[in-house]
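Trainee: I have a structure to read. Please take me through the features one at a time.

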Amino acid sequence: MFPTALARALVPETSVAWVAPSMDSFLPQSRVTPELEDLMRAAASGDEAAFGVLYDRTAAMVFGIVRRIVRSQEHAEEVAQEVYLEVWRKARNWDESRGSVLTWIMLIARARATDRVRSEQAARDRQERVAPGWVELPADRVAEEVSIAFEQGEVRNLLGQLTDLQRQVIELAYFGGRSYPEVARMLDLPLGTVKSRMRDGLLRLRQALGATRE
Amino acid sequence: MVCCGSGKRWGRLVNEFEEFAAPYLLGALEPEERRRFEAHLLECSECTALVNDLAQGVIALDHALAVEPPAGLRTRVLDGIKSVSETSVVELAPRRRPLWRLAWIAAAVLVVLLGGLTLFNPNPLDQLMAAADARTVELAVHEAFAAPPPQQAQVVFSESEEAAAVEFRGLASPEEGNTYQLWLIGEGDPAPAGVFVPDETGEATALLQGEARSGLLVAITQEPAGGLPAPSGEVLFSAEL
């Protein structure tokens with residue numbers, strides 16, 4: 001079930017092996033499981049074990065994002081490694097008043113993956129010998145990715161909440177790694193429309209999430 | 001883009017940056033726009049709140065589509081951070097150019113106040129970074145660049161100083177016996193503008209030799225150590241000033 005699975009990611013199973021005795025007072029008394037935020041604060045002060053737990057809790061989401069965008073397994077591993085190196089290096093810069101750790105890490109993952117894919121896009125398209133139709137191909141690939149993803153109930157539930165246009169713009173960016181100007185070109189829509197559909201779509205996804213949680 | 005330029009439209013308060021929040025979260029901004037939006041987020045709580053709100057929608061998808069990483073990745077990541085901890089603890093806090101620039105301006109003001117007492121000859125690179133009109137241009141990574149693309153590849157350019165410098169993070173070293181060479185390209189043949197290699201952490205900052213003017217093209221090739229009078233390698237990075 002979707003809500004259970006998400007709850008598991010956000011509040012994972014009890015594991016306190018990494019917590020040094022002196023850390024106990026640092027953690028909220030009501031919980032045995034450290035929050036991602038606690039782990040990040042510990043990592044910022046150089047705690048490698050806490051960073052390892054942070055990795056365990058986020059790696060599948062990070063790897064999913066990166067793998068989906070860069071597509072090659074080998075490159076995905078390289079990029080995921082860069083992402084965690086950046087998280088470690090910037091741990092002290094993470095500011096909890098500005099957003100959750102999960103949001104911050106996902107943003108870094110997506111940024112590094114899209115940087116990689118955009119600089120390689122042309123080369124890859126050529127490799128696949130699709131010279132005349134390279135604009136169409138990503139849309140086909142997106143369709144394929146989406147249909148694979150759709151086999152998972154959670155994704156079907158989520159994307160099913162969107163209007164056709166919201167779904168198209170989100171799919172092209174999310175599954176296709178396309179920038180919003182590229183999405184606008186591919187769908188022959190004004191830039192502003194693409195941005196506002198993305199926003200409406202994300203709001204719906206968030207609401208859908210809230211509804212399933214209740 | 002104007003900072004928090006708010007205005008009434010259809011009876012709703014519109015922040016001109018707001019519309020970038022969703023494409024930002026979906027990884028759909030171009031790198032330069034992403035940087036500007038991130039800079040904006042630091043000073044706009046409205047947009048920050050919107051990003052955090054919309055992020056829940058993206059995270060729902062990310063979670064549904066999580067993929068277990070290969071087992072070896074954890075070890076590589078943890079080994080990777082160990083070497084960072086050992087070599088560059090001082091660098092953990094990244095440079096904040098605006099503050100740094102402010103400090104430089106303060107130093108320059110001090111020097112002016114002391115003017116006449118000492119002959120002040122600032123480092124041209126510092127002078128460029130401190131220029132009020134210094135701006136950053138992203139370097140395009142060309143297909144000929146076979147190594148993984150750097151995490152950062154940009155040119156800092158000041159029209160008033162007629163100076164430019166390239167800045168890299170995560171740049172692969174050139175092949176053995178080679179160097180990266182900078183070129184300034186205008187109407188005529190490319191003019192050699194210096195050579196550089198990244199340090200062991202992949203960082204490099206190099207001032208371009210020659211007058212950097214608006215409209216010129218900065219290009220980087222790989223050439224035999226010491227550089228050549230005219231480029232022989234393919235263009236690896238480029239940007240228009």
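Mentor: Start with pairing. Two strands pair if DSSP finds at least two bridges between them. Helices (H or I, at least four residues) and strands (E, at least two) are DSSP runs, numbered from the N terminus. This is a predicted model: local features need pLDDT of at least 70, side-chain atom pairs count only at pLDDT 80 or more, and totals for chains, interfaces and linings use all residues. Residues are numbered from 1 along each chain as its sequence is written, while chains are lettered from A and ligands numbered from 1 in the order in which they are written.

Trainee: How many bridges join β7(B) and β8(B), and in which sense do they pair?

Mentor: Strand β7 (residues 178-185) of chain B pairs with β8(B) over 4 bridges, in the antiparallel sense. Take Q181(B): its bridge partner in β8(B) is V195(B). In β10(B), the bridge partner of Q181(B) is T221(B). β7(B) and strand β10 (residues 217-224) of chain B are also antiparallel, over 8 bridges.

Trainee: Where does β10(B) go from there?

Mentor: To strand β11 (residues 237-240) of chain B, joined antiparallel by 4 bridges. There L217(B) stands opposite E240(B) in β11(B).

Trainee: In what order do the 5 strands of the open sheet in chain B lie?

Mentor: The order is β4-β11-β10-β7-β8, with antiparallel pairing. The edge strands are β4 (140-141) and β8 (191-196) of chain B, each of which pairs on one side only. As a general idea, side chains in a regular strand alternate between the two faces of the sheet.

Trainee: Now helix packing. At what angle do α2(A) and α3(A) pack?

Mentor: Axes are lines fitted to C-alpha atoms, for helices over the stretch in contact, and angles run from 0 to 180 degrees between N-to-C directions. Helix α2 (residues 36-44) of chain A and helix α3 (residues 48-70) of chain A pack at about 140°, axes 8 Å apart. Angles under 35 degrees count as roughly parallel, over 145 as roughly antiparallel, 65 to 115 as roughly perpendicular and the rest as oblique. α2(A) and α3(A) are therefore oblique to each other.

Trainee: Which residues meet there, α2(A) against α3(A)?

Mentor: Contact means C-beta atoms, placed from the backbone, within 7 Å. L36(A), L39(A), M40(A), A42(A) and A43(A) in α2(A) meet A50(A), F51(A), V53(A), L54(A) and R57(A) in α3(A). Classes come next: Ala, Val, Leu, Ile, Met, Phe, Trp, Tyr, Cys and Pro are nonpolar, Asp, Glu, Lys and Arg charged, and the others, Gly among them, polar. This contact of α2(A) with α3(A) has 9 nonpolar, no polar and 1 charged. After α2(A) comes G46(A), with a positive phi near 95°.

Trainee: What about α8(A) and α9(A)?

Mentor: Helix α8 (residues 164-174) of chain A and helix α9 (residues 180-187) of chain A have axes that come within 10 Å and cross at roughly 130°. They are therefore oblique. Q168(A), V169(A), L172(A) and A173(A) in α8(A) meet Y180(A), V183(A), M186(A) and L187(A) in α9(A). By class, that is 7 nonpolar, 1 polar and no charged residues.

Trainee: How many residues does each chain give to the contact between chains A and B?

Mentor: Chain B gives 51 residues and chain A gives 63. On the side of chain B that touches chain A, α3(B) gives the most, with 15 residues. That side has 32 nonpolar, 9 polar and 10 charged residues.

Terms used
Contact = placed C-beta atoms within 7 Å.
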